[in-house]
Amino acid sequence: MPSVRDLMARHRASPATVQQAIQRVAAEGLVEVRPGRGSFVAPRAAASSQDLSWQAVALGEGRPGEDLVANLVAVPKPEAIPLTSGYLDPDLQPTDALGAALSRAARRPASWGRVPVEGKEELRAWFAKEAGGELRAGDITVCAGAQEALATVFRGLGDRGDAVLVESPTYLGAIAAARDAGLKVVPVPADQDGVRPDLLQAAFERTGAKVFYCQPLHANPHGAVLSDERRAEVMRIVRRVGAFLVEDDWARGFTVDGTAPPTLVSQDTDGHVVYVRSLTKVAAPGLRVAAIGARGPAGTRLKNTRSRQDLYVAGPLQEAAIDFVTSPVWRRHLRTLQQSLRSRRDALARAIAEHLPEFEVARSSGGLHLWAALPDGVDDLELTTAAAARDVVVIPGRVWFAAEPPGGFLRLTYGGAPEHVLAEGVRRLADAMAAVRR
């Protein structure tokens, strides 16, 4: 291997960092350190020692796209700039308050006992109150994060082969969960005012779908808020065809301009809206607590579906969540978070305007992301690869579409890094853009 001095120069790293890196790969058996002589790549084991080729036959047909969610939440290497993280920058996470809440919960012997399948009463009551409208604690089922909640909803409300309508573009985790449940995902185009009601009506008529997945507040990835006029029309369509609307309220607490509109479920009188909300995004990745709100037979079915997956969410985690969201620190956290996100959003927008003026960025009043349309002729996959070579992590726009995308896009996240890091990431992305165009 190159000498420590050469590695320092090549990677612009300190001696301590290089030594730590060498020690780590040596501990993994990839490098042999020979005192006085240097570091050498360890010889590989003979390929014939293992034969795993039988697994290709046993596993059968592959599942294209199933790795997308895993890639989305993968931890980037330390030197990389994340412009795609779906989680808050650690500096924005209330870890001290969460740690204290979990410590208190862990000291309560009752928290380690059996927990109702649907979750602890106090936590369910909090989610119901936050949702507003007709939802009560008895309508709430607690889940281990939003991804599990979505998997439960799609499995519980649909049968294999059924069609499910989704906004286009939309959260790729929802696309993956629906397909994993055996559903046919049908896209319905959305614009800056949310899903288009005329096309939603046409999609219901053509497919006979009974489920529509919607993010009315700061939709991920494009940031749109469903307009007041469209909210009423969408609800009329859902009632008219007798369908369920799955409201993914993932961005509640992330509104940085103006006031967030009420939930759709708060305006639903007949049980058409199935409500999903998580604490993970707005707090910390380790707080894997979410909830499904549904009334009537749908609520019973979803509770039963949820119980077949892993019985219930751990008691200490639920107790810690209750402690956290019912304390004054919760509201303080939201106020501080919104101020920080506004500043970071503006910083990212300024950097894009300066270094990538050819990007067409959709307006955003909240959430965690900016949605950028690429110039004609620029391939999002090629640009993503070029950015990765410059240690900038972005996600290509095409993965957010359930069918062919209408053009090239990138989702750029401002919630996962400080302002100066965001600015440097955009500068590197501009270098990648120049390389792609050469």
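1. A pocket, as the word is used here, is an open set of grid points with protein on both sides within 12 Å along at least five of seven lines. In this model, which is a predicted one, the largest pocket has a volume of about 630 Å³. Of the 17 residues lining this pocket, those closest to its centre are His-11, Ala-13, Thr-17, Ala-21 and Glu-79.

2. Two elements give two or more residues each to the lining of the largest pocket, namely helix H1 (4-11) and helix H2 (15-27), and of the elements concerned H2 gives the most, with 6 residues. Sorted by class, the lining of the largest pocket comprises 8 nonpolar, 3 polar and 6 charged residues.

3. The loop between H1 and H2 is where Arg-12 is placed, and the backbone of Arg-12 deserves a look, with phi near 50°, a positive value in a residue other than glycine.

4. Rolling a probe the size of a water molecule over the atoms shows where empty space is left. A search of the whole structure finds 1 cavity of 30 Å³ or more, and the largest cavity holds about 30 Å³ of space. Its lining is made by His-218, Ala-219, Pro-221, Gly-223, Trp-250, Gly-366, Gly-367, Leu-368 and His-369, which divide by class into 4 nonpolar, 5 polar and no charged residues.

5. Pro-221, one of the residues that line the largest cavity, also takes part in a cis peptide bond, which joins Asn-220 to Pro-221 with omega at about 20°. This proline is found in the loop between strand E8 (211-214) and helix H10 (228-241).

6. Another cis peptide bond runs from Ser-168 to Pro-169, with omega near 5°. Where does Pro-169 lie? Pro-169 is in the loop between strand E5 (163-168) and H8, and H8, a helix that spans residues 172-180, is also part of the helix pair described next.

7. Helix H7 (residues 146-157) packs against helix H8 (residues 172-180) at an angle of about 40°, and the axes of the two helices are 9 Å apart. That angle makes H7 oblique to H8, because an angle has to be under 35 degrees to count as roughly parallel. The crossing in which H7 passes H8 is right-handed. On the H7 side the contact is made by Gln-147, Leu-150, Ala-151, Phe-154 and Arg-155, while on the H8 side it is made by Gly-173, Ala-174, Ala-177, Ala-178 and Asp-180. By class, this contact of H7 with H8 has 6 nonpolar, 2 polar and 2 charged residues.

8. A further helix pair is formed by H5 (residues 95-106) and H12 (residues 315-325), which pack at an angle of about 125° with their axes 8 Å apart. The angle makes H5 oblique to H12, because the roughly perpendicular range runs from 65 to 115 degrees and an angle must be over 145 to count as roughly antiparallel. H5 passes H12 in a right-handed crossing. Ala-97, Leu-98, Ala-101, Leu-102, Arg-104 and Ala-105 are the residues of H5 that meet Pro-316, Glu-319, Ala-320, Asp-323 and Phe-324 of H12. Which classes of residue does the contact of H5 with H12 have? The contact has 8 nonpolar, no polar and 3 charged residues.

Note on methods:
Residues are numbered from 1 along each chain as its sequence is written. This is a predicted model: local features need pLDDT of at least 70, side-chain atom pairs count only at pLDDT 80 or more; totals for chains, interfaces and linings use all residues. Side-chain values use heavy atoms; hydrogens and water are left out. Axes are lines fitted to C-alpha atoms, for helices over the stretch in contact, and angles run from 0 to 180 degrees between N-to-C directions. Helices (H or I, at least four residues) and strands (E, at least two) are DSSP runs, numbered from the N terminus. A crossing is left-handed if the near helix is turned anticlockwise from the far one by less than a right angle, and right-handed if clockwise. Contact means heavy atoms within 4.5 Å. Ala, Val, Leu, Ile, Met, Phe, Trp, Tyr, Cys and Pro count as nonpolar, Asp, Glu, Lys and Arg as charged, and the others, Gly among them, as polar. On a 1 Å grid over the protein atoms alone, a cavity is a set of points where a 1.4 Å probe fits but cannot get out, and a pocket is an open set with protein on both sides within 12 Å along at least five of seven lines; lining residues have an atom within 4 Å of a point. Grid points are joined across faces, edges and corners, and a volume is the space filled by probe spheres set on the points.
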